[in-house]
Amino acid sequence: MVKILGCVLVLASSVLLGIYYSFRDGYRMANLSEIRKALIILKSEITFSATLPEALLSISDRLEAGVSGFFLLAGTRLTEKPSEESAVIWRECLKEGLAHSYLVNEDIECLERLGETLGGLGKTAQEDGVDMAIMYIDSKVDELRGSEAKNKKLYRSVGAAGGLLITILMI
Amino acid sequence: MNALGDIAAGYAGGGLREALAGAARGGLTGVREIRVRLDKPLTIRASGGDHFIAGDGVIVKEGGRAYKPTRKDISVTLELLADYSIYAFQEEIKNGFITIPGGHRVGLSGRCVCEGGAVTAMKNVSGLCYRVAGEVIGCGDAVIDLLRVNKGESPRHTMIISPPGCGKTTLLRDIIRILSHEGLNVGVSDERGEIAGTRGGHAGMDLGPSADVLEGCPKTLGMHMLLRSMSPDVIAADELGREEELEAARDILNAGVSLICSAHGTGVADVRAGRILKEIMGFKPPGRAVVLGRGSRPGLILGVYDEQYNNLYGGGAVG
């Protein structure tokens, strides 16, 4: 009886893990799309000479929960005027504010690179930096969209098959 | 917190913050200027003259023991001065300064990037000069009655004349405050944000309840915009001198609105905006010229002159 219960648990966990992984790309795409929306707002705020803290707080107001926490955190930290360079504050906020997002290291690195140029000289340079990040997001979302259906099936099958394998081995 | 403490907390980075905060805690008073130069002793001009400041904020006698700002201190400070948004302060940087809340003006020196004979940007900033704005409430009381025919009425056209650093802006600000408290609508064209000390819409200085401030707008445009849109009784602008500013001032004189302005000069015979002074004095009722000089401290009133250039003032200091 205990053995059967254990098998059911293992099987259910593996299937759920597979389902979770199959949805992860979708959640990442949703996060990236939100960041893209934020960057478009940021670009227009820069065009109209809003300061970086003002722009980030304004973005956090206009985004849905998820990645908005990062913009709120960064905007608030910069408003407090710590004795640090903005790139350092930006990096710290990325770590804290996006810790529970579905973004992967590659995405965070792209945002870190953006943070190194943000707030510097020249509106055009600022806008170009934001455009670069948007281009990265677009290419990633396209890539994920292309492989989403295939990966969904793969993760679910691997989850179920893995669960079955472990169950068989346990029996 | 005093002005030095405010500057240390929000507009100085790295070791500079520690040094200035220490000096503020140490009770340094009458701060007028803070000089920050790369790898050179940190200096504060305050009551008692120029002082070298050590890393912990203590006043030291030898420059060798003073704190020497690093490249990182200056770069973080520049970010703080510009609210981490140097792109949004390009125009100010091109003009060589950034104004921070409280009306303090921070001059910049470094490598200028020029194009077609004009400065387009500044790189490798290596020196900062904080000019601490002084708000001296009541300093205008000494002259206000000499500037008008009857109390409560709009003042005569007035020009405040002095060399730099003698209290022109301080006196102008207090005259605005007095008139504004008397219920006159005062339009303030504050191109550099030094009169109202405004940034992000928050006024740092007391200009009274009836002052409308146009911040960051070139004076010429600002004076015209206020004249057309805000129905002012008085328009105030600081440091007139350029040809187009004098034209805008003339439009105000002809529109029946009182003009209170300031200009660089050492006296009524030596003033950059001499042509507009002549017009102010020739107006009906005739205008006034207030001349300030540098005594033991800024703000010494040398005279309030009428159209015959008679000195109506008995003597004293602005603040």
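The model is predicted. In chain A, the count is six helices and zero strands. Read along the sequence, chain A therefore follows the pattern α-α-α-α-α-α.

The two chains were then compared with the globule rule. For the 171 residues of chain A, the rule gives 16 Å, whereas the radius of gyration is 21 Å, well over that value, so chain A is more spread out than a compact globule. Its C-alpha trace spans about 70 × 35 × 25 Å along the principal axes. Buried residues account for 29% of the 171 residues of chain A. Of the chain A contacts between residues at least 6 apart in sequence, 67% join residues at least 24 apart.

Chain B has 319 residues, for which a compact globule would have a radius of gyration near 20 Å; the value for chain B is 20 Å, which agrees. The box filled by the C-alpha atoms of chain B is roughly 60 × 45 × 35 Å, taken along the principal axes. Of the 319 residues in chain B, 49% are buried. Contacts in chain B between residues at least 6 apart in sequence join residues at least 24 apart in 61% of cases.

In chain A, helix 4 (residues 86–97) and helix 5 (residues 105–117) have axes that come within 8 Å and cross at roughly 160°. Angles over 145 degrees count as roughly antiparallel, so helix 4 of chain A and helix 5 of chain A are roughly antiparallel to each other. The crossing of helix 4 of chain A past helix 5 of chain A is right-handed. Helix 4 of chain A contributes A:A87, A:W90, A:R91 and A:L94 to the contact. Helix 5 of chain A contributes A:I108, A:L111, A:E112, A:G115 and A:E116. By class, this contact has five nonpolar, one polar and three charged residues.

In chain B, the axes of helix 7 (residues 219–229) and helix 8 (residues 243–254) come within 8 Å and cross at roughly 15°. Angles under 35 degrees count as roughly parallel, so helix 7 of chain B and helix 8 of chain B are roughly parallel to each other. Helix 7 of chain B makes a left-handed crossing with helix 8 of chain B. On the helix 7 side of chain B, the residues are B:K219, B:T220, B:M223, B:H224 and B:L227. They meet B:E244, B:E245, B:A248, B:A249, B:D251 and B:I252 in helix 8 of chain B. The residues of this contact divide into five nonpolar, two polar and four charged.

One residue of chain B was followed in detail. B:V234 lies in strand 11 (residues 234–237) of chain B. Leaving out residues up to four places away in sequence, B:V234 touches B:S154, B:P155, B:L179, B:L184, B:V186, B:V257, B:S258 and B:I260. Of these, B:S258 is 24 residues from B:V234 in sequence, yet the C-alpha to C-alpha separation is 4.5 Å.

Between the chains, 14 residues of chain B are in contact with 17 residues of chain A. Helix 3 (residues 71–81) of chain B supplies three residues, the largest share of the side of chain B that touches chain A. By class, that side of chain B has seven nonpolar, four polar and three charged residues.

How values were computed
Residues are numbered from 1 along each chain as its sequence is written. Chains are lettered from A and ligands numbered from 1 in the order in which they are written. This is a predicted model: local features need pLDDT of at least 70, side-chain atom pairs count only at pLDDT 80 or more; totals for chains, interfaces and linings use all residues. Helices (H or I, at least four residues) and strands (E, at least two) are DSSP runs, numbered from the N terminus. Two residues are in contact if their C-beta atoms, placed from the backbone, lie within 7 Å. Ala, Val, Leu, Ile, Met, Phe, Trp, Tyr, Cys and Pro count as nonpolar, Asp, Glu, Lys and Arg as charged, and the others, Gly among them, as polar. The radius of gyration is taken over C-alpha atoms; the globule rule is 2.2 Å times the number of residues to the power 0.38. A residue is buried if 20 or more other C-beta atoms lie within 10 Å of its own, exposed if 12 or fewer, and partly exposed in between; C-beta atoms are placed from the backbone. Axes are lines fitted to C-alpha atoms, for helices over the stretch in contact, and angles run from 0 to 180 degrees between N-to-C directions. Angles under 35 degrees count as roughly parallel, over 145 as roughly antiparallel, 65 to 115 as roughly perpendicular and the rest as oblique. A crossing is left-handed if the near helix is turned anticlockwise from the far one by less than a right angle, and right-handed if clockwise.
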